[in-house]
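Hi,

Here's the structure I promised to pass along.

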Amino acid sequence: MDSTGVYNDGFSARQINCTISVTNGHLHIYLQNETRDLLIWDLKNLKSCHLNGSHIIIKYGEYPHHTLECNGEVAKEIYRIWSGNHFIRKAEGLTFSSKRVMVISLIVLFIALGVFTLFYVLPWAGEKAANLIPISTEVQLGESIGEMYAKESDMNDSANYYMHQFVKQLELDDTYKIDVKVVQSEDINAFALPGGKIFVYSGIIEKMENYEELVALLGHEVTHVLNRHSLKNICRSAATSIVVASLFGDVTGIGAGILSQAEQFKQLDYSRDLETEADNNGLQIMVENKVNPQGMLDLLRLLKEEGTEMPKFMKYLSTHPDTDSRISNILNNPELKNEFPENEKLKELFIKVKGCI
Amino acid sequence: MEIIHNREFKKLLKFNGDHSTLVGLRILNNVLKVITLGLYYPWARASVLQYMYGEAEYLETRFVFHGTGKEMFRGFIKALAIFLVLYGFLFFCIFTKQPMMAVVGGIVFYIGILLLVPLAIHGSQRYRLSRTSWRGIHFGYRGDLKEFVKLFIGHGLLSMLTLGIYGPWFRVKMKEYIYGNMRFGNIEFKFTGKGGDLFLIRLKGIFLSIITLGIYSFWFLKELVEFELKNIKIIQDGVEINMRSTLSAGKIFGMVFVNYLIVIFTLGLATGVAINRIMRVAFENIEFDLPINPDKLMQTEDEYKDATGDDLAGMLDIDFA
């Protein structure tokens, strides 16, 4: 196979026309200069080889290298021999053939991998990373957020005193120091911070009719703490955002924006699972403390009565499952059948807490 | 002394890149980056640079980028180590829970990052240019790191103290130094722009862009490109070769508008098409009043292989010159 090309000696940009042929893995270059030299290069020892379409530029020898450029079938043959079995070189070579099928299959593969990584691998990795965070750091994080929150809110100190006594009566897992505070507010709400701090709004206590509901609420929030739900949420989001931003941030903010929105939907789904888990474990905590688990149902019914119920289709946009689903989930729980005598001490403390509101 | 009047300007540059190849290459790179948790980044960067340089031609000969993924990986690891040390120190200081330590950590971190900028620009110039050749002749950068860092910090501080007003002069100083130390075989370069001119272009550009709700920004960009090109001089055997831009605001608008649509409607998958379009428009609109003389172009530069600067520049997202 003979072809023409141009040769540079590496010392000057003056080009010398030449005829080239490939024989037994070697390149024969006949220079058409005054002396008509013949150069023989071993194709395995090329310094570099750059194929663009059917145009090739190859370098040979020590610096300053000899350079040869040519086109067509000879160029492809040279590249084929040089690239050999090397995976990376092969992959580079492949991309330069613009076969539609390959591009389409790559697009599909890319999207599938991207979706899988975004929805499953990264959240999983984030959750694993959350487990590596020491409890002391988690407590510190919760305390600093809690302090900030407490400063900005109206705390009910007298209710806090009885609430503290109430919590002391319960047997809880002692991995975290559970610290429950009452916030003076009409809102029907309560939330837990990483590390053990729980804030309960006076609005919800006011609506409660029995101490079992308060134990149910605390059991739900304590589960969030014990199972590190907030921390896992933070780590899942962070893992996704960091990777998405580093992969797509340098190209365009648009792709990253859309992807993070999609991830938010997945996150909502995840949060709803955690709420259900908190309801179930909360019920378990009630049983362990010999408190009538019916309290959990009473609490959920109270939430249903007081909460502005969302239309069904909106439940996909909520971090909590709709209250009806939560109620039927609890109704299916076999532990609900347990019955216990009334705990006088808890009842008394509950009345005292309510009296301070 | 040679005085040449009314030299005719010619198009000598061409960009041949085709859309499907670059789109395919970028997708393959992204897949490999995901699979390798980002470790493929240096190879991805090398393959795109090899493609882009290989598709660019001057006097009908293509450029070659010789940098390899392996070289860039070494640089990547070094750059990563520098970042880890800086972040490590910062976190260490924060975790001591002493306010003084946190302040010291913050200051050291920011000074470190600021020092990395000139280091990245310098290293990136050295590496990138040494690995670029045309007809076997290599480009090169002969700047001195200490000198460049001093220049960068001096003028950079002035820029900070004047709240950015000195910025255009700072930029021009950097360009003067970088072009002054750039070589292409025995060809030299220089940058003749004046800070005052750039200041006026920016002042007018920002002011008019605001009052026209951004419409003037296309003329602003056109003027910045014109300023850049007309002030780069290529000197071969004492003869100065001039460049000019034929880019119009309309062309810039057309390119930017269509590129946005391409990127948005393909969710970024066809970003390669947008990049190719930018390269084509840029190359088509650069003209030279003289071609270089290849017969008189001789090899002068040494080989240089440290890619740390290039990777640092990539991580800090700097594209200065």
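Let's start with one pair in chain A. K347(A) makes a salt bridge with E342(A), and the closest N and O atoms sit 3.3 Å apart. Neither end is hidden away: K347(A) is partly exposed at 31% relative accessible area, and E342(A) is partly exposed too, at 45%. Keep in mind that this is a predicted model, so please read every distance here as computed from predicted coordinates.

**Other salt bridges**

The count over all chains comes to 19 salt bridges. In one, the side chains of K190(B) and E240(B) meet at 3.2 Å, N to O. K190(B) is in strand β7 (residues 187-191) of chain B and E240(B) in strand β9 (residues 239-241) of chain B, so this pair ties together parts that are 50 residues apart in sequence. Both ends are partly exposed, K190(B) at 34% relative accessibility and E240(B) at 31%.

In the other, R244(B) and E287(B) pair up through their side chains at 2.8 Å, N to O. This one also links distant parts of the chain, with R244(B) in strand β10 (residues 243-245) of chain B and E287(B) in strand β11 (residues 286-288) of chain B, 43 residues apart.

**Where the chains meet**

How many salt bridges are there between chain A and chain B? The count is zero. The rule does find eight residue pairs in polar contact across this interface, with both residues at pLDDT 80 or more. On the chain A side, β5 (48-52), β6 (55-60), β7 (66-71), α2 (87-95), α3 (100-132) and α9 (253-288) each supply at least two residues that touch chain B. The most comes from α3(A), with eight residues. By class, that side of chain A has 19 nonpolar, 15 polar and four charged residues.

As for extent, the contact takes 38 residues from chain A and 46 residues from chain B. The buried area between them is about 3,700 Å², and carbon and sulfur atoms give 69% of it.

**Cores**

The largest nonpolar core has 54 residues, and F184(B), F288(B) and I292(B) are the ones that touch the most other members. Helix α6 (residues 167-180) of chain B contributes the most to this core, with six residues. If you leave aside neighbours within four places in sequence, F184(B) is in contact with W134(B), I137(B), H138(B), F139(B), F189(B), I292(B) and L297(B). Apart from this core lies another one, of 40 residues, including A192(A), L283(A), V291(A) and F350(A).

One more residue in chain B to look at is T132(B), in strand β4 (residues 132-134) of chain B. At 5% relative accessibility, T132(B) counts as buried. A polar atom of the T132(B) side chain lies 2.7 Å from the backbone oxygen of R128(B). Again setting aside neighbours within four places in sequence, T132(B) is in contact with Y53(B), F63(B), V64(B), F65(B), H66(B), I137(B), H138(B) and F139(B).

Chain A contains 12 helices and 10 strands. Of its 357 residues, 45% count as buried. Among contacts in chain A with a separation of 6 or more, 58% are between residues 24 or more positions apart.

For the backbone, remember that most residues other than glycine have a negative phi, and most peptide bonds are trans. Here are some exceptions to check in your viewer:

- Y63(A) and P64(A) are joined by a cis peptide bond, with omega about -10 degrees; P64(A) is in the loop between β6 and β7 of chain A.
- K290(A) isn't a glycine, yet has a positive phi of about 60 degrees. K290(A) is in the loop between α9 and α10 (294-306) of chain A and counts as exposed at 54% relative accessibility.
- L59(B) also has a positive phi, near 50 degrees. L59(B) lies in the loop between β2 (56-58) and β3 (61-65) of chain B and is partly exposed, at 24% relative accessible area.

Cheers

Methods. Residues are numbered from 1 along each chain as its sequence is written. Chains are lettered from A and ligands numbered from 1 in the order in which they are written. This is a predicted model: local features need pLDDT of at least 70, side-chain atom pairs count only at pLDDT 80 or more; totals for chains, interfaces and linings use all residues. Side-chain values use heavy atoms; hydrogens and water are left out. Contact means heavy atoms within 4.5 Å. Buried area is the accessible area (1.4 Å probe) that two parts lose on being put together, summed over both. A salt bridge is a side-chain nitrogen of Lys or Arg within 4 Å of a carboxyl oxygen of Asp or Glu. A polar contact is a pair of N or O atoms within 3.5 Å; within protein, one must be able to donate a hydrogen and the other to accept it, and residues adjacent in sequence count only if both atoms are side-chain atoms. Helices (H or I, at least four residues) and strands (E, at least two) are DSSP runs, numbered from the N terminus. Ala, Val, Leu, Ile, Met, Phe, Trp, Tyr, Cys and Pro count as nonpolar, Asp, Glu, Lys and Arg as charged, and the others, Gly among them, as polar. Buried means under 20% relative accessible area, exposed over 50%, partly exposed in between (1.4 Å probe, protein chains only). A nonpolar core is a set of buried Ala, Val, Leu, Ile, Met, Phe, Trp, Tyr and Cys residues joined through side-chain atoms within 4.5 Å.
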